Amino acid sequence: MLVSLTVGKVDAGVTVLLTPDKRLPTPQIEFPSILLPPNISSGSIVDINVSQNATKESSEEAKFRALQERIFASFGAAEPATPMLRCRNATQTSVVLEWDPVELATADLTSLTLYRNGQKAGNIPRPLQMHSTKISGLAVDTEYTFHLVLRTSAGTRQSEKLAVRTHKMTDLSGITITTGFLPGPTKEALAQAVERIGAKIADSVRIDTTHFVTTEGRGTAWEKAVENNIPVVRPEWVEACEKNGRILGVTKFYLDAMRPGPPSEATPSSTPPPAQKAQPPPPPPQSESKDEDEDEESVIEGQEDAARDELAEKKDEHKEDKQEPEPKARRQSGEEQKMRLEDKGGQKLALRPSGSKASLAASNKEEDDDEDENGGEKEEGKEAKKPASTPDGDSFQEVQL
């Protein structure tokens, strides 16, 4: 079909074409300027021929259909696979379940959920990486049913229900042991015991490992067992299970538990060293004659008696001083002064004072306190006795006889 149009306004991008034909909805048409002949200006008349290209249209349609076939063959033929659930190991109180890797095809994963006895047990974390799980806290000798539900953008898939029964206490086939550091003979004996009870030995710590047997708490395998809360026991636990014909608790067989053994003999309590007896005062220096020793003893005894008499006299005088306004000064006669000089000469040969001499010093101290309290006896303070010293440095208070 040939159409004649008049050029109206010409711009760099769009040209306005005008037509007198009343059959057109609008009297003007916007047309790309690049498609018009060169040297076109306002008022020019252009003819436009419009026709269908059937050959080109058929070719493009064939290309489009081939592309759709390739897309369907690549992405529409495969569907998400249904998960297959199976039991890997069962014990008295736990079950280890495993399944094949999840196949999603072109769909997107929404969730993978485990159900126990028809009730939701929980979602599987990281379902594209994890292909097993362990269910603990089950009852002994009880049957359970499990199944998986896979939800994707292409629909929901459910696995077949799996029935699993936990073992009895006498069934030891569910025990899976991983060994750590063990002496050679102990390791051989352990392998034989495990074979006799029907248990299994794993080369490494796995999800189905029930016990880690070792005699030393070190190594990467031991660290992994502790991290996964797997009981770490001694080889004696396997021997005890075989001997009793049933699975036993591991509390007494932990690696860090006290080993049972014969009661140790009571260790005698350490007796304190005998108290040292008070050593008697050193013997007096041997004098030249026996008479001098007797004189010393008589001098000391005379001093003790005189001290007691003087203390009694001072107490009586102190009472009289409180009643009388003026204190009475005591005077010493010439004979008393002479006796004091003789006592002083005898004290130079005297021994270190014992308990009686200590009481003598205490009485002298009380005398000094009484003299301090009585302010009126100043003269009596001036006549205070001066201590005499012995050759070994000991001193004695002078006593009036």
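A salt bridge here is a side-chain nitrogen of Lys or Arg within 4 Å of a carboxyl oxygen of Asp or Glu. By that rule the structure, which is a predicted model, holds 13 salt bridges. The legends below take some of these contacts in turn, then other local features.

**Figure 1. Salt bridge between Asp208 and Arg88.** The closest N and O atoms of Asp208 and Arg88 are 3.8 Å apart. Arg88, at 33%, is partly exposed.

**Figure 2. Network of salt bridges that includes Arg88 and Asp208.** The pair of the previous view is part of a network of salt bridges. The linked residues are Arg86, Arg88, Glu98, Asp100, Arg206 and Asp208.

**Figure 3. Arg165 with Asp141 and with Glu143.** The side chain of Arg165 meets that of Asp141 in a salt bridge, with an N to O distance of 3.0 Å. Arg165 lies in strand S12 (residues 162-165) and Asp141 in the loop between strand S9 (132-135) and strand S10 (143-152), so this contact ties together parts that are 24 residues apart in sequence. Arg165 also forms a salt bridge with Glu143, at 3.6 Å from N to O. Because Glu143 is in strand S10 and Arg165 in strand S12, this second pair ties together parts 22 residues apart in sequence.

**Figure 4. The aromatic pair Tyr144 and Phe146.** The structure holds one aromatic pair. The ring centres of Tyr144 and Phe146 are 6.4 Å apart and the ring planes stand at 35°, so the pair is tilted. Tyr144 and Phe146 are both buried.

**Figure 5. The largest pocket and its lining.** About 490 Å³ of space lies in the largest pocket. The pocket is lined by 25 residues, and those closest to its centre are Ser94, Lys134, Thr210, His211 and Pro231. By class, the lining divides into 13 polar, ten nonpolar and two charged residues.

**Figure 6. Cys87 and Cys241.** What is the disulfide count under the rule used here? The count comes to zero disulfides, the rule being a pair of cysteine sulfur atoms within 2.5 Å. Cys87 has 33% relative accessibility and so counts as partly exposed. Cys241, at 0% relative accessibility, counts as buried.

**Figure 7. Positive phi at Ala105 and Arg126.** Most residues other than glycine have a negative phi. Ala105 is not a glycine, yet its phi is positive, at about 60°. Ala105 lies in the loop between strand S6 (95-99) and strand S7 (109-116). With a relative accessibility of 46%, Ala105 counts as partly exposed. Arg126 likewise has a positive phi, near 50°. Arg126 is placed in the loop between strand S8 (119-123) and S9. Its relative accessible area of 54% is over the 50% cut-off, so Arg126 is exposed.

**Figure 8. Ser51 and Met1.** In space, the C-alpha atoms of Ser51 and Met1 are 6.5 Å apart, whereas in sequence the two residues are 50 residues apart. Ser51 is found in the loop between strand S4 (45-49) and helix H1 (54-76). Ser51 is exposed because its relative accessible area is 67%, where over 50% is required.

Methods:
Residues numbered from 1 in each chain as written. Predicted model: local features only at pLDDT ≥ 70, side-chain atom pairs only at ≥ 80, totals over all residues. Heavy atoms only, no water. 1 Å grid on protein atoms, 1.4 Å probe; cavity = no way out; pocket = protein on both sides within 12 Å on 5 of 7 lines; lining within 4 Å. Points joined across faces, edges and corners; volume = space filled by probe spheres on them. Nonpolar A, V, L, I, M, F, W, Y, C, P; charged D, E, K, R; others polar. Buried < 20%, exposed > 50% of the residue type's maximum accessible area, 1.4 Å probe, protein only. Helix = DSSP H or I, 4+ residues; strand = E, 2+ residues; numbered from the N terminus. Phe/Tyr/Trp six-rings, centres within 6.5 Å; stacked < 30°, edge-to-face > 60°.
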